[in-house]
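Hi,

Here is the structure I promised to pass on. Have a look at it first, and my notes follow below.

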Amino acid sequence: MSNTLNECLRIQPDLVASATGDAEPDAARRVGEHVRACAPCREELEQYRAIDRVIGDLRPTPVSDSELAILREELATGLADLRRRLVRYRIFRSPLGRILIATSEAGVVLVEYLGGRGDPTASRLDRIRGMEPVEGGAEIDDLYRDLLGYLGGATRRLGWPLDLRLARSEFHREVLEATAALPYGAVTSYARIARQIGKPDAVRAVAQALRWNPLPIVVPCHRVVGASGALAGYAGDRPAIKERLLGIEGVLLERDRREAHVARDRMYARPGREQEYCLPTCGSIPSLTLARLTLFASRESAETVGLRPCTSCRPDLHPISR
Amino acid sequence: MGRDPFEAVVTAHQGEIYRYLRRATVGVAEDLSQETFLRAYRAYPSLPADANVRAWLFAIATNLARNHSRGERRRRAAYTAFRSSQREDGSEGPEGAARFIEARTAVEAVVDRLPVKQRLALILRKFHDLPYEEVGRSLDCSPEAARAHVFQAFRKIRHSLEDRELPGVEVG
């Protein structure tokens with residue numbers, strides 16, 4: 001007697017599964033055999049089948065087209081907002097220490113040198129409102145590879161789309177854009193950038209704006225120096241990195257007392273917006289400050305951006321020896 | 001790449017996830033379904049190309065439903081009572097239909113009051129035909145445990161309807 005009771009209890013899960021169309025063939029067979037001999041269980045089976053039919057009737061009806069349209073629209077709005085806010089980041093090792101790269105849908109948003117004292121991963125990202133940082137995917141790997149290529153001297157152009165949303169003002173944005181246009185191996189001054197954006201008196205503001213460059217390396221603020229050629233500041237307090245980046249690009253530096261200077265007498269020069277580049281001794285160039293000049297580390301860097309050798313001083317015939 | 005753009009994911013699954021949440025929760029299906037897809041969007045680039053996207057979405061939605069269900073039982077009971085009162089009582093129709101509707105209402109009430117894991121397991125299995133592996137994944141349990149949840153759910157329904165005559169059952 002108790003044997004049968006145990007059997008009924010044991011078979012219950014399979015019985016229910018069988019009634020609800022969820023049983024494996026073996027289990028269904030065992031249930032079939034059991035209920036042939038067991039009337040109470042047969043009745044149970046019927047009860048569960050009836051419940052299953054009722055459950056089947058509770059299956060949710062498809063969402064109406066109009067309801068679905070509303071859902072779609074609300075989600076589209078939510079997604080658009082999320083896309084604007086969402087920033088994917090990764091932290092990489094580099095010869096310059098740990099670097100954080102963050103991208104939005106629009107482009108690279110932040111490049112940050114991490115490290116120093118304290119938490120090596122503490123980033124500005126945590127403090128920026130209106131952005132949702134998410135650890136990001138493989139797409140940032142390409143940027144990392146480019147960056148390594150640049151730091152190794154192999155890559156001369158980081159053609160990354162830029163998202164300048166972290167610019168603090170319209171002025172800041174203009175400064176960053178003008179700086180972004182500086183080619184590889186070229187150097188100019190804060191004063192010249194100020195002139196370029198139509199605000200020749202805003203030299204200190206330009207320097208300040210570049211101090212807060214959210215995209216170092218990519219927006220090459222390392223290529224902007226004092227009008228005298230003195231390197232001035234970088235990324236708050238990392239002048240060593242500025243020197244290193246300039247070195248990678250072939251810009252020669254001199255040390256004068258404690259300050260580093262661009263070796264302008266060993267660099268080609270482009271006066272103003274001339275379409276030619278000259279030797280440093282050409283015409284009035286020696287008397288001009290970098291407020292009026294762009295310097296180039298090599299003929300190649302000048303010619304890559306479409307400049308022609310000056311027809312007077314002929315840098316093509318008398319290149320500067322290195 | 002072998003993976004659809006996110007828009008295609010939304011188009012393919014938004015309706016069903018909403019239906020699921022409408023049954024799995026009370027009054028928040030719209031919000032939770034939106035949140036499901038926002039979470040999915042964030043995580044989508046990390047999803048392996050061969051992943052079962054539908055099952056993954058159900059897991060996200062289930063997670064949200066479970067988090068939401070705390071403190072929900074009383075709201076749920078009230079809502080079910082309201083929902084039942086809205087239904088046509090069918091007393092004018094044929095007796096069989098009326099009895100079926102009555103049974104349906106009773107079963108619905110029991111389902112709405114099931115413990116959250118049993119309720120969600122039942123819904124995922126019976127209404128959305130998710131295999132037990134995926135039900136388990138959604139509920140953070142093994143497929144066997146998921147099966148057990150469904151079994152327990154049916155048993156609870158059965159015992160709640162003890163004295164009621166279910167339509168279509170032959171007695172004796």
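Predicted model: local features only at pLDDT ≥ 70, side-chain atom pairs only at ≥ 80, totals over all residues.

B:Glu30 sits in helix α2 of chain B (helices, H or I, of at least four residues and strands, E, of at least two are DSSP runs, numbered from the N terminus). B:Glu30 is partly exposed, at 36% relative accessible area (buried is under 20%, exposed over 50%, partly exposed in between, with a 1.4 Å probe and protein chains only).

Residues count from 1 along each chain as its sequence is written, chains are lettered from A and ligands numbered from 1 in the order written, and side-chain values use heavy atoms, without hydrogens and water.

Back to B:Glu30: together with B:Asp31, A:Glu73 and A:Glu74, B:Glu30 forms a surface patch of negative charge (patch residues have over 30% relative accessible area and no salt bridge, with like charges joined within 9 Å; a salt bridge is a Lys or Arg side-chain nitrogen within 4 Å of an Asp or Glu carboxyl oxygen). The elements giving two or more residues to this negative patch are α4 (65-85) of chain A and α2 (29-43) of chain B.

As for chain B, it has eight helices and zero strands, and 49% of its 172 residues are buried.

Over in chain A, strand β9 (residues 268-271) is covered on both faces: A:Tyr268 and A:Arg270 are buried on one side, A:Ala269 and A:Pro271 on the other. β9(A) pairs antiparallel with β11 (residues 293-296) of chain A over four bridges (pairing takes at least two DSSP bridges). A:Ala269 has A:Leu295 in β11(A) as its bridge partner.

Cheers

How values were computed: Patch = residues over 30% accessible without salt bridge, like charges linked within 9 Å, V, L, I, M, F, W, Y side chains within 5 Å. Areas by Shrake-Rupley, 256 points an atom, 1.4 Å probe, with all protein chains shown as cover. Lys, Arg positive; Asp, Glu negative; His and termini not counted. Charge placed at Lys NZ, Arg CZ, Asp CG, Glu CD.
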